[in-house]
Amino acid sequence: MANSAGAARRVLSAFLAASAALWLDLSAAQAASDAERGEDLYLRYCRGCHGADGRGGAHTFMPHVDRLTEKGYIDLLPDEYLYQVITEGGAFVGKSSYMPAWKSTLSDQDVNDIIAHIRRLRLH
Ligand code: HEC
């Protein structure tokens, strides 16, 4: 558990260092979000790798995808970070480049709706 929180902090500091300049843009993107709509989008675009419940793929699945539902980890990450990793892709925040950048596929509203849905997933 301590490790997860440590990992969340490391991810966060890398993220903050990488994208300080983008914070201003992001606040403009925080429109009202709709988790129901986000669920449809999540199931269409994200389920293949992250699983319908956000718990990741099978252990044999490559690339290995961590859970989006890890208590003491994902809940410590701000929406702005999730927005960034979803729009810019994993490599942008120092994570796996197997996580695609979705900005040419999904609108700001789509991403905010998906984040709202991720926030509803049960944590483990
Ligand atoms: C091709 C497989 C794939 C697809 C499709 C995919 N992801 Fe990912 N995602 C990954 C991988 C691999 C990582 C990096 C995991 C790691 O390094 O811990 C990742 C990381 C993430 C993270 C960061 C988690 C963290 O630990 O910081 C978020 C948030 C995320 N994905 C959301 C999404 C959303 C939302 C979608 C759909 C729009 C999506 N992903 C689609 C493979 C995928």
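Author: What follows starts with the chain, turns to one helix and its packing, and ends with the ligand shell and the loop beside it.

This is a predicted model, in which local features need pLDDT of at least 70 and side-chain atom pairs count only at pLDDT 80 or more, while totals for chains, interfaces and linings use all residues. Residues are numbered from 1 along each chain as its sequence is written.

The protein chain has 6 helices and 0 strands, and along the sequence its pattern reads α-α-α-α-α-α. Helices here are DSSP runs of H or I with at least four residues, strands are runs of E with at least two, and both are numbered from the N terminus. Of the 124 residues of the protein chain, 22% count as buried. A residue is buried if 20 or more other C-beta atoms lie within 10 Å of its own, exposed if 12 or fewer, and partly exposed in between, with C-beta atoms placed from the backbone. Among contacts between residues at least 6 apart in sequence, 67% join residues at least 24 apart; a contact requires that the two C-beta atoms, placed from the backbone, lie within 7 Å.

The helix to look at is H3, residues 35–45, where Gly38, Leu41 and Tyr42 are buried. Viewed down the axis of H3, these buried residues fall within an arc of 105°, so they line one face of the helix. The arc is taken from the directions that run from the helix axis to the C-beta atoms. An α-helix has 3.6 residues a turn, so residues three or four places apart point the same way. On the other side of H3, Glu36, Leu43 and Arg44 are exposed.

What covers the buried residues of H3 includes H4 and H6. The axes of H3 and H6 come within 7 Å and cross at roughly 95°, which makes H3 roughly perpendicular to H6. Axes are lines fitted to C-alpha atoms, for helices over the stretch in contact, and angles run from 0 to 180 degrees between N-to-C directions. Angles under 35 degrees count as roughly parallel, over 145 as roughly antiparallel, 65 to 115 as roughly perpendicular, and the rest as oblique. From H3, the residues Ala35, Arg37, Gly38, Glu39, Leu41 and Tyr42 meet Asp110, Asp113, Ile114, Ala116, His117 and Arg120 of H6. The residues of this contact divide into 5 nonpolar, 2 polar and 5 charged. Ala, Val, Leu, Ile, Met, Phe, Trp, Tyr, Cys and Pro count as nonpolar, Asp, Glu, Lys and Arg as charged, and the others, Gly among them, as polar.

The ligand is surrounded by 21 residues, the closest being Cys46, Cys49, Asp66, Lys95 and Met99; a residue belongs here if its C-beta atom, placed from the backbone, lies within 6 Å of the ligand. The elements giving two or more residues to this shell are H4 and H5. Its residues divide into 15 nonpolar, 4 polar and 2 charged.

In H5, the buried residues are Tyr81, Tyr83, Gln84, Val85, Ile86 and Thr87. Gly89 follows H5 and has a positive phi, near 95°. Beyond this, the loop between H5 and H6 holds Lys95. Lys95 has 15 C-beta neighbours inside 10 Å and therefore counts as partly exposed. Not counting residues up to four places away in sequence, Lys95 touches Val85 and Gly90. Lys95 and Val11 are 84 residues apart in sequence, yet their C-alpha atoms are 8.5 Å apart.

Ser97 is in the loop between H5 (79–88) and H6 (108–120), and counts as exposed because it has 11 C-beta neighbours inside 10 Å. Leaving aside neighbours within four places in sequence, Ser97 is in contact with Gly89, Gly90 and Ala91.
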